[in-house]
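Here is a short report on one protein model.

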Amino acid sequence: MTSVLIATGQSLQRVGLRMLLESQPDLTVVGEAAHGPEAVRLSALLRPDIVLLDGRGTGTDTVETVRRLVHAPDGPVHAPHVLLLTSSDDAHPYGALRAGAAGHLREDATADELVAAVRVVAAGDVVVSPGLARALIDAVRSGSAVENSVPGNRLDTLTGRERDVLTAVASGDSNAEIADRLCIAPTTVKSHVSNILTKIGARGRVQAVVFAYESGLVHPAQQHVLHA
């Protein structure tokens, strides 16, 4: 059973999301928050697997809320995956991705898409809808997203095979697709991804993608569409 904390300032949206998620046999809503600080407090108390965070309706700085949610004071094992709902007029999702969000979904996504996204993020994979992936690529291409905060020696710690795997991750490939592409076992891919995250100091695959861009390993022209 995957536990979800809903965080949005819109009461009707909270009701609708609760009804949708609790209609699924493998999902349960453990709490609701009306703003960012309340989401952080309830997350520490309830320890949900997922925080479904409305990027506009929490009344606080979204990036800071994401950062506080994913950096649990009692360690990353208790930190939730944050799935951010965003609108079409958001500038770009880069800041929240960099802060540790596990994925972004347009707020006009269908019910099936949202439920699927929650399950994918709970499994530790990435969800970034195509339009938002495009915005991320544009932000990197323009240089507005890069903050020169990635030590070059972190990239140097990766082996050649690990760089291949990270490049594939940044292209949006799943572990199975990476295994097929590199002709290695899926369990080997999983091991490589785990080692990569440890070496570059990333909490999840999304931050690994951000690192791949910032370090110069991957360039926007190489990127396709991020998917689960």
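A nonpolar patch is built from residues with over 30% relative accessible area and no salt bridge, joined when their nonpolar side chains lie within 5 Å. The model is predicted.

V30, L45 and L46 make a nonpolar surface patch of about 250 Å². One of these residues, L45, sits in helix α2, which spans residues 36-46. Is L45 buried or exposed? L45 has a relative accessible area of 61%. The cut-off for exposed is over 50%, so L45 counts as exposed.

Helix α2 also has buried residues: G36, A39, V40, L42 and S43. What covers them? The cover includes strands β1 (2-7), β2 (27-33) and β3 (50-54), along with helix α3 (62-70). R47 follows α2. The phi of R47 is positive, near 50°.

**Q13 in helix α1**

Q13 belongs to helix α1, residues 11-22. Its relative accessible area is 19%. Buried means under 20%, so Q13 is classed as buried. Which residues does Q13 touch, leaving out those up to four places away in sequence? They are T8, D54 and L85.

**Empty space**

Rolling a probe the size of a water molecule over the atoms shows where empty space is left.

The largest pocket holds about 430 Å³ of space. Its lining counts 18 residues. Nearest the centre of this pocket lie G124, L197, R203, G204 and R205. Two helices, α10 (186-200) and α11 (205-214), each supply at least two lining residues. Which element has the largest share of this lining? It is α10, with 4 residues.

Searching the whole structure turns up 2 cavities of 30 Å³ or more. The second largest cavity has a volume of about 30 Å³. Helices α8 (160-170), α10 and α11 each give two or more residues to the lining of this second cavity. The residues that line it are L166, V169, V193, I196, L197, R205 and A208.

| Space | Volume | Residues from α10 |
|---|---|---|
| Largest pocket | about 430 Å³ | 4 residues, the largest share |
| Second largest cavity | about 30 Å³ | 3 residues, the most |

Conventions: Residues are numbered from 1 along each chain as its sequence is written. This is a predicted model: local features need pLDDT of at least 70, side-chain atom pairs count only at pLDDT 80 or more; totals for chains, interfaces and linings use all residues. Side-chain values use heavy atoms; hydrogens and water are left out. Patches are made of residues with over 30% relative accessible area and no salt bridge: like charges are joined within 9 Å, nonpolar side chains (Val, Leu, Ile, Met, Phe, Trp, Tyr) within 5 Å. Accessible areas come from the Shrake-Rupley method with a 1.4 Å probe; for residues, only the protein chains shown count as cover. A salt bridge is a side-chain nitrogen of Lys or Arg within 4 Å of a carboxyl oxygen of Asp or Glu. Buried means under 20% relative accessible area, exposed over 50%, partly exposed in between (1.4 Å probe, protein chains only). Contact means heavy atoms within 4.5 Å. On a 1 Å grid over the protein atoms alone, a cavity is a set of points where a 1.4 Å probe fits but cannot get out, and a pocket is an open set with protein on both sides within 12 Å along at least five of seven lines; lining residues have an atom within 4 Å of a point. Grid points are joined across faces, edges and corners, and a volume is the space filled by probe spheres set on the points.
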